[in-house]
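Here is a set of questions and answers on the model shown below.

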Amino acid sequence: MPVPNPSPDPSPDWSSEHPIWNPTAETLPRAAREALQLERLRALVGRVARVPFYRDLFAHREIGPHSIRSLADLRRLPFTTKDDMRRQHPLGFLAVPRRDLARIHGSSGTTGKPTFVAYTAGDLRIWSELCARFLVAGGLRPEHTTQVAFGYGLFTGGFGLHYGIERVGATVIPAAAGNTRRQIEIMRDLDPEVLICTPSYALTIADAARELGMDPRALPIRFGHFGGEPWTEDMRREIEDQLDIAAFNNYGLSEVIGPGVSGECAARTGMHLQEDHFLVECLDPETLEPVPEGEPGELVITTLTREAMPMIRYRTRDIARLYREPCPCGRTTTRMSRVAGRTDDMLIIRGVNVFPSQIEEALLRVEGTTPHYLIEVSRPGTLDEVHVKVEIHPEIFSDRMDRMQAVCERISREIQTVAGIRAHVDLVEPRSIERFVGKARRVLDTRGLSERDS
Amino acid sequence: MKLQQLSLFLENRPGRLDAPLEAIAAEGINILTLSLADTAQFGILRLIVREWDKAKRVLEQAGWVVNLTEVVAVDVLDRPGGLATVLKILDGAGLNIEYMYAYSLRRGDKAILIFRFEDPDRAIQVLLDQGLHVVDGDELMSVAAA
């Protein structure tokens, strides 16, 4: 059957109160969307045969494009994990020749090495399109000025949003992350209506404005798109109240593209998944069977259109719920809830992915630190703070204070090197960290981020 | 001539000092002097006791991390400039003092200071050459007993 191509020139109706960036794609009837997904999935299975990892797995299971007769056949395909990506470091997952790459981004990994993600020019066009969709769903118009206070670099947030804003035709101020006082000066000079950053940084900006003797509610920002780290409904209320703005949530992960996998519309009843480009499953992380609709499960994402680094059934480790009932905004796509947790023990600290195993690795580099440690994560103000408690051991104990402080600094430096975060190191007395039978509890996270959606 | 000093790691929380002191008191070990260095998170308790080997064993058995260091006790004239004279001698010999603290008892017109040197043997030699009195363990005990 003929399949409509949903991403040619979008024709948003700017006169509407809530315009849709790409009405063809975003309001595609379900049957047409599934037909498109099936066609793209079949083509994908053919394309990924250029990736040795998939070629071997498919050969072993005798899988080819012929195996995909319906979308249900997705379940015959193998999973891809972050570990698989690490084993193919740096660019083993490329499905195109190296010269076809237009850009390479990266995400933090447990070994301290980034996991690289590559894009062709076509991938970058689609990425901008996807960011444009959620930006417009959350209120962006071509006449707006947008301040991007995300990091510009290997991290996908800065560049992803930047080009999405340009795609919409709005003005970008690439302020980048940090230097909060300057962010506020830029706001006062250039009157941006829109702010893009992590939710915690939005609160930092509000704090800084107050420190400068200003009312953060008087800043020109009217709404913001926040992402890059988990946050809660409570935090949304706080951001909206402190800055007098509307705060929108968006979701993405660099392994499949970056921001743009999903984002909220004005109804704010979940984030619309861009299903013409991603097939999203919600599975029980133990049985790997689908969970009933609306129940929490692990999101597993297949990239339907990525050229440079397509992913088959990538296990995100993010726990969320999917809702398929229609949204009042008119979009027909499935929505996902906020990410309510992780299936592994990964922590996101100030936007950096950190695994307890990285802290352990850092401690192992310092002779005489015991295997007993506890990672305490808190958010005393607006930013995450990490304290690593380490039990004292004769090998690192000295009667000299300067040596003891040097030990703390050395541990802190190793943590910075391995995990990429600044941590306070607290030496504690022997046997003061609770012992566990079996799996030790290494993390005490008091940020309250794991609560379910209200 | 050198004295054995015990150092203990303590967290900087109320009441943390009691337990080790009680543990050695229970063994009838008398503390000749002590000093405490601390940061916001932790402290280092330094002790000079009569039976340092027994005290070390008792503390380690009770779970503390104990470190043994050699320190030097020096007589200093208890009058203005008394300490400065000693420090000038040490400085002149290029001897680095890691830290120092006062002994709790005095002897006549002399105060006793406990020094932690990087190189205690050379420090003792320099001090003796300059005619200063280095107090050994037995002498220190006798001051306490007097």
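Q: Over how many bridges do strand β12 and β15 of chain A pair?
A: This is a predicted model, in which local features need pLDDT of at least 70, side-chain atom pairs count only at pLDDT 80 or more, and totals for chains, interfaces and linings use all residues. Residues are numbered from 1 along each chain as its sequence is written, while chains are lettered from A and ligands numbered from 1 in the order in which they are written. Strands (E, at least two residues) and helices (H or I, at least four) are DSSP runs numbered from the N terminus, and two strands pair if DSSP finds at least two bridges between them. β12 (residues 314-320) of chain A runs antiparallel to β15(A), and the bridges number 2.

Q: Which residue of β15(A) is the bridge partner of A:D318?
A: β15 (341-342) of chain A is an edge strand, pairing on one side only. Its bridge partner for A:D318 is A:R342.

Q: In what order do the strands of the sheet with β15 of chain A stand?
A: The sheet is open and has 4 strands with antiparallel pairing. Its edge strands are β10 (278-283) and β15 (341-342) of chain A. The order is β10-β11-β12-β15.

Q: Which strands stand at the edges of the sheet of 9 strands in chain A?
A: This open sheet has mixed pairing and the order β4-β3-β5-β6-β7-β8-β9-β14-β13. Each edge strand has a single partner, so one side of each is left without a neighbour in the sheet; the two are β4 (171-173) and β13 (322-323) of chain A.

Q: Which residue of β14(A) stands opposite A:M271?
A: β9 (residues 271-273) and β14 (residues 335-336) of chain A pair in the antiparallel sense over 2 bridges. Opposite A:M271 stands A:M336.

Q: In which sense does β18(A) pair with β21 of chain A?
A: With β19 (residues 385-391), β18 (residues 373-378) of chain A pairs antiparallel over 6 bridges, and a hairpin of 6 residues joins β18(A) to β19(A). In β21(A), A:V443 is the bridge partner of A:I375. Over 3 bridges, β18(A) and β21 (residues 443-445) of chain A pair in a sense that is parallel.

Q: How does α10(A) lie relative to α11(A)?
A: Axes are lines fitted to C-alpha atoms, for helices over the stretch in contact, with angles from 0 to 180 degrees between N-to-C directions. The axes of α10 (residues 356-364) of chain A and α11(A) are 8 Å apart, at an angle of about 135°. Angles under 35 degrees count as roughly parallel, over 145 as roughly antiparallel, 65 to 115 as roughly perpendicular and the rest as oblique. Therefore α10(A) is, relative to α11(A), oblique.

Q: Which residues of α8(A) meet α7(A)?
A: The axes of α7 (residues 180-190) and α8 (residues 199-211) of chain A come within 9 Å and cross at roughly 80°, which means that α7(A) is roughly perpendicular to α8(A). From α7(A) come A:T180, A:R181, A:Q183 and A:I184, and they meet, in α8(A), A:T204, A:I205, A:A208 and A:A209.

Q: Which element gives the most residues to the side of chain A that touches chain B?
A: Contact (C-beta atoms, placed from the backbone, within 7 Å) involves 15 residues of chain A and 16 of chain B. Two elements of chain A give two or more residues to this side: α11 (401-419) and β20 (424-428). The most, 3 residues, come from β20(A).

Methods: Contact = placed C-beta atoms within 7 Å.
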